[in-house]
Amino acid sequence: MLSATGVPGQAGPGRSCDPHLTVDLRGSPGSVSWRLPETGPATDAAPCVVLADRAGCAEFAVLQETLHHLGVPSVRVDAESVAALRLSATVTGGAGHDRTWRVLDLDGRRIAPTVVWARHFSPRAVPATADAAQTLLRAESWHAFVRQLRSLAPSSLPGNRPGRLEQLAGAAAAGIRVPRTVVTTAPAEAAAAMPGRRVVVKVVGEHFIETSPGLLTGVLPEIAARAEVLRRPALDYPVIVQEHVEHDAELRVYHVAGAVHAYAVGKRAPDSPWREEAEVTVTPVAAPPAVADAVRRLASLWGLTYGAFDLLLSAGEVVFLEVNTDGDWRWFEAKAGGREVSTAVALAIRTLHLAALGNTGPPSPLGLVDFLLLGTRTPGSRR
């Protein structure tokens, strides 16, 4: 989801269909932030983690600083400034060729990507020009390059990005309960087939529409009275209509390289994280074995190193809602008063980086200073 300075899909587990909810990121200045070692010949390609995101996102700013303290070089690129980059990547191969295809020249610096992680990197984020065709070509080209940049590195995050219907079908096939779901252009007809007094209506695609670079409109999931949805007219685009599952608990569960971190979320309505943030409660909890098992099974099924899972517990049964592969973690940590996910993410990236360097053994243990730095709250994220 979004915070006041956030990005699509970041914080908040629930959302409501309110076309008047807008987030303005147009004042967020983009940048390229380097954290490379000062030693080594300038001609050498420096092994480096590559992070790509939106300028308003706090997650990667915190992650990059933590990696720097752990001795992991990185470069962070924001979508808002990507069009000003100078880059060159050469692909070679076959017998007698070395692996120079792994080298990327970025703004005059030669790096060898070890881990690539791109979040929220929408082509709509790239600033527009006076020429509409040129704007689209530039935006789509940068988006395509960043999306495929993971091929230059031994490891990439988050993994696959299954769509909402793929997620529901996969979870159901894995034996995990999902809400009864209908995808339809006629929500009234779908609601008529649903049990209970309430239904959930949500979009098939992204929860935010970026009408122009930096200006986002929320089209967020809505819990509505079934009788009210029965009166709605047909649409000219498909939506998801689901049964509303009565539940005992709502969980946001983070999967990070096999580790599972869970939070219980209390809120009055799906849009509460936006409209009444102070009323939302986030409490760290031990993931019940059934929850941890479901999350790990689904992460393995979809090839996810990272994912933010939204789940319900209904009479002890796990109900899968969705997984957000770009899901925010800083907002939940701030509400809960900890840094468990930030620490897990940084250590996972460090492990992947060292593996890319040929270190297949366990990472060296953290020193006291490193450990304390991992536990330091870093400012800059409202959520």
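Predicted model: local features only at pLDDT ≥ 70, side-chain atom pairs only at ≥ 80, totals over all residues.
Good morning. The buried residues of helix 2 pack against strand 3, strand 5 (residues 87–89) and strand 7. Residues are numbered from 1 along each chain as its sequence is written, and side-chain values use heavy atoms, with hydrogens and water left out.

Some terms first. Helices (H or I, at least four residues) and strands (E, at least two) are DSSP runs, numbered from the N terminus. Buried means under 20% relative accessible area, exposed over 50%, and partly exposed in between, with a 1.4 Å probe and protein chains only. Contact, touching and packing refer to heavy atoms within 4.5 Å.

Let me return to helix 2, which covers residues 132–148. Which of its residues are buried? In helix 2 they are Thr135, Ala139, Trp142, Ala144 and Val146. At the start of helix 2, the backbone nitrogen of Ala133 has a side-chain oxygen of Asp131 within 3.0 Å.

Strand 3 also holds Ala46. Ala46 counts as buried because its relative accessibility is 18%. Leaving aside neighbours within four places in sequence, Ala46 is in contact with Arg110, Ile111 and Ala112. Between Ala46 and Ala112 there are 5.7 Å in space, C-alpha to C-alpha, although they are 66 residues apart in sequence.

Now the protein as a whole. How many helices and strands are there in the protein? There are ten helices and 19 strands. Of its 383 residues, 51% count as buried. Among contacts between residues at least 6 apart in sequence, 74% join residues at least 24 apart.

I turn to the sheets. Strands of a sheet pair through backbone hydrogen bonds, either parallel or antiparallel. Here, two strands pair if DSSP finds at least two bridges between them. An open sheet of five strands has the order 17-16-15-18-19, and its pairing is antiparallel. Its edge strands, each pairing on one side only, are strand 17 (281–285) and strand 19. From one strand to the next, the twist averages 30°; axes are lines fitted to C-alpha atoms, for helices over the stretch in contact, and angles run from 0 to 180 degrees between N-to-C directions. Strand 16 and strand 17 are joined in the antiparallel sense over five bridges, and Val265 stands opposite Val282 in strand 17. Helix 7 (residues 289–302) packs on this sheet, where it touches strand 15, strand 16, strand 18 and strand 19. The direction of helix 7 makes about 140° with that of strand 18.

Strand 19 (residues 317–324) contains Glu322. Is Glu322 buried or exposed? Glu322 counts as buried, because its relative accessibility is 5%. Its side chain makes polar contacts with the side chains of Arg164 (3.4 Å) and Lys202 (3.3 Å). A polar contact is a pair of N or O atoms within 3.5 Å; within protein, one must be able to donate a hydrogen and the other to accept it, and residues adjacent in sequence count only if both atoms are side-chain atoms.

Another open sheet, of four strands, has the order 9-14-10-13 with antiparallel pairing. At its edges are strand 9 (181–184) and strand 13 (222–225), each of which pairs on one side only. Strand 9 and strand 14 (residues 239–243) pair over four bridges, and Ile240 in strand 14 is the bridge partner of Val183. Helix 3 (residues 164–173) lies across strand 9, strand 10 (198–203) and strand 14, at about 35° to strand 14.

Finally, the cores. A nonpolar core is a set of buried Ala, Val, Leu, Ile, Met, Phe, Trp, Tyr and Cys residues joined through side-chain atoms within 4.5 Å. The largest has 27 residues, and those with the most contacts inside it include Leu63, Trp117, Tyr254 and Tyr306. Helix 9 (340–356) is one of the elements that supply at least two residues of this core, and its six residues are the largest share. Apart from this core lies another, of 24 residues, among them Val75, Leu85, Phe121 and Val126. Thank you.

Key: Expected span 1.5 Å × (residues − 1).
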